[in-house]
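Hello,

Here is the structure I promised to pass on. My notes on it follow below.

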Amino acid sequence: MKPLDFIKLILKHKVILIIVPLLFGVLALVLTANPKRNYYSETVLYTGIASGSSIEMDKSFNYLAANNAFDNLINILKSRDTQEEVAVRLLSQHILLDQPNHKFISENAFEELQDILPENLKLDLAKAVDLNQDAASQYEATVAYLIELMNSDNSNFVYSLLSYDHPHYSLEAISKVKVERISSSDLVKLTYEIDDPGICQQTLKIYTEVCKQKYKDLKESGSDTVVKYFEAQLSESEKKLKAIEQKLLKFNQENNIINYYEQSKAVAIVKEDMGVAYKKGMAQLAGSEASAQRLQKKLAIQEAIQQKNNAIVNSKKELGDLNYKIGMYSAKAGDDEASKQKLETLNKQAKVLQEKIKSNVDELYTFQNSTDGVPIKKVLPDWVDKEVETEDLKAKLSVMNAQSQAIDEQFAAYAPAGANLKRIEREINVAEQEYLEILHGLNLAKLKFQDAQLSSNLTAVDPPFFPLKPIPSKRKIIVIALVLVTGIIILAAILFMEFFDDTLKNQKNAEQKLNLPALGMLPKLFVAKPHLDMVKIQERLMDFIMQNFYQTFKDKTKSPKIITVFSTRKYEGKSVITTNIAKRIKASGHSVKVINHSNEKLSIAKPPKYTWLYKFFGYQNPTIDYKHPFLTAVTDNSLEAEEYQTYSVGADYRDIKSVNDLGIDINESENTPDYILIELPSMLECNYPAELLTKSDLALMVCRSNRLWSNADNTMLDQVKSLLGGKVKFIINGVDLKEVENVIGELPKERSATRVRLKNMFRFQFYTSNHI
């Protein structure tokens, strides 16, 4: 749709687009003549969820956690339990009033409450609440009684009051408290609107206190439970640790252990040192015993020395005797061999004896001195010392052996004690780690509890105020909005109808739907406004039709030329169009004959009812202008009697094969017209003469613009096209005047200069008035 078409559509419906919204606006003014005035109050709570202080120093900001915390808080504020307590506390506050106080409740609301309060409830409250208490205690007692009464069953007064639609105490009324987070800050805003300023302020005030307490209880309950759990576990772990430590103490006492690891280390060192000393003592003992035995052996050769001494003395005596003999023989002996031999024998004996003495002396020296050259006389003291040393070593080793056995016994006792002690220490270590972990968890839980206490303290930054002025009425906005919405709905309905209009509508749409070439189009002839020349418009459109008509026969010399006028349905305007075409043909100097069927009667449409509504809403007058020359052409005798003929539609109608069967002899040249226009009945109601159609030079279909083209119409048209091929054309009848401009240009009527400029502006044509 072009902008100009849109403007034309709005201008066409301008009256209804203005009048109907204004009527709705007036209706809204009447209905809102006595509006109910509400009062508004608000309060702002600081939560500290996102940027508040925390005990956890390394706590980092978590955007998702902060959003979840705000969601939890808002859901708590909107919960039914919260609303119930607020409603009960508000009701308790008003019940305890002896007379209306504008700070809490207006006179009208107080009187309404007194009217609906049951007498038995007043008596029960008087019994349940001690009047001698202070106001705060009476208030809390009343709240407790009403809550207990509300929870007792679902048929009591309090439960019914909260469940139904009371304007002040019902859950529906309390739920009107709006809760929202202010941007991405730590602030939450509560707003409330009600018809009583005192109730408005007090409701928000009570709502704030209830929410504070509930949020604090909820935040601290979980942390407090965790703290108690860790405290219980810590107590159990402490008892367990003390029991194992007592077990260790008893074990140390039983095994005389002061410090097992130092003691076992000392015993091991002593045992090792004693083993080394023992082995060293045994070595010393073995050496001492060997030395003593050796000395003893040396002392045992003293007898041999004596014997050697005796042998040496005897040998010396014998040697002296031999030397004496040798001397004697030497002195006496001569040169005889016997003496010499005797002397030689004695010398040999003496020499042997000398050797023997030397050998004995050597042996004696050997006996008298040790291997190391120590004299034998010095060996005895050494032997005595070694004997003493040996006995001393044996005594020491005996003592060391006894001590070693004692250490072995202590070592044997320490060996299993170490395993048991290790097991006990491991149990203590496990119990101690468990204790420390639980203690760490308790500390974290206490930190979390303290942090929860800090974060659960909701603070009223902006307490609820007492509204003095009611909320400005939205009456103007409602009226304006209703007018605008009504106008938009009507405009949307008009656009919807225009967009989904599936009628033939205009020549362009008809060509697409019918798939036929158009001969032209004709408007519906309403009673036109004075500034609109409908006669001129119709004449110009007929000129176009006749131009196309003659263009169809420009290459045909056949005479007569047969034109069949048909339609698929009745009341399409065939007779009027056929008569006007014949009139134009006759005016052009050609002979013409119109053949119409006898059952086609000229229908005179009755003027529609309530034409004043059309005038009121600015629409075209729906009354048809029967004085228009185009319509009067049918009855003004513009055709001679011989130029107009009728035929009857009977049983043999479908068997008509030629024009001769209709009573016209086209063989007589002097009576044969140039053009024969044959009008056929509606094809969906009567069987058409197929052979007659095939002999037509032009089949002209007439169809109304305001009708839907159905499948039945299309099927019938396809049959006609199959018989005639390209000889079929159509005229669309009764089109809207705005569609006529697509054919003849601007309608011939007077226009102001402003209208022309606006029209060109919406066409985006700014220089059309310039001449070449």
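Which residues touch the most other members of the largest nonpolar core? Phe549 and Ile581 do, in a core of 64 residues. This is a predicted model, where local features need pLDDT of at least 70, side-chain atom pairs count only at pLDDT 80 or more, and totals for chains, interfaces and linings use all residues. Residues are numbered from 1 along each chain as its sequence is written, and side-chain values use heavy atoms, with hydrogens and water left out.

A nonpolar core is a set of buried Ala, Val, Leu, Ile, Met, Phe, Trp, Tyr and Cys residues joined through side-chain atoms within 4.5 Å. Buried means under 20% relative accessible area (1.4 Å probe, protein chains only). H17 gives the core its largest share, seven residues. Another core lies apart from it, with 52 residues, including Ile76 and Leu190.

Now the helix pair. The axes (lines fitted to C-alpha atoms over the stretch in contact) of H17 (residues 534-552) and H18 (residues 574-587) come within 11 Å and cross at roughly 70 degrees. H17 is therefore roughly perpendicular to H18 (65 to 115 degrees). Helices are DSSP runs of H or I, at least four residues; strands are E, at least two.

Last, threonine 191 sits in strand S3 (residues 187-194). It counts as buried, at 9% relative accessibility. Beyond four places in sequence, threonine 191 contacts residues including Tyr40, Lys176 and Leu204.

Best wishes

Key: Axes are lines fitted to C-alpha atoms, for helices over the stretch in contact, and angles run from 0 to 180 degrees between N-to-C directions. Angles under 35 degrees count as roughly parallel, over 145 as roughly antiparallel, 65 to 115 as roughly perpendicular and the rest as oblique. Buried means under 20% relative accessible area, exposed over 50%, partly exposed in between (1.4 Å probe, protein chains only). Contact means heavy atoms within 4.5 Å.
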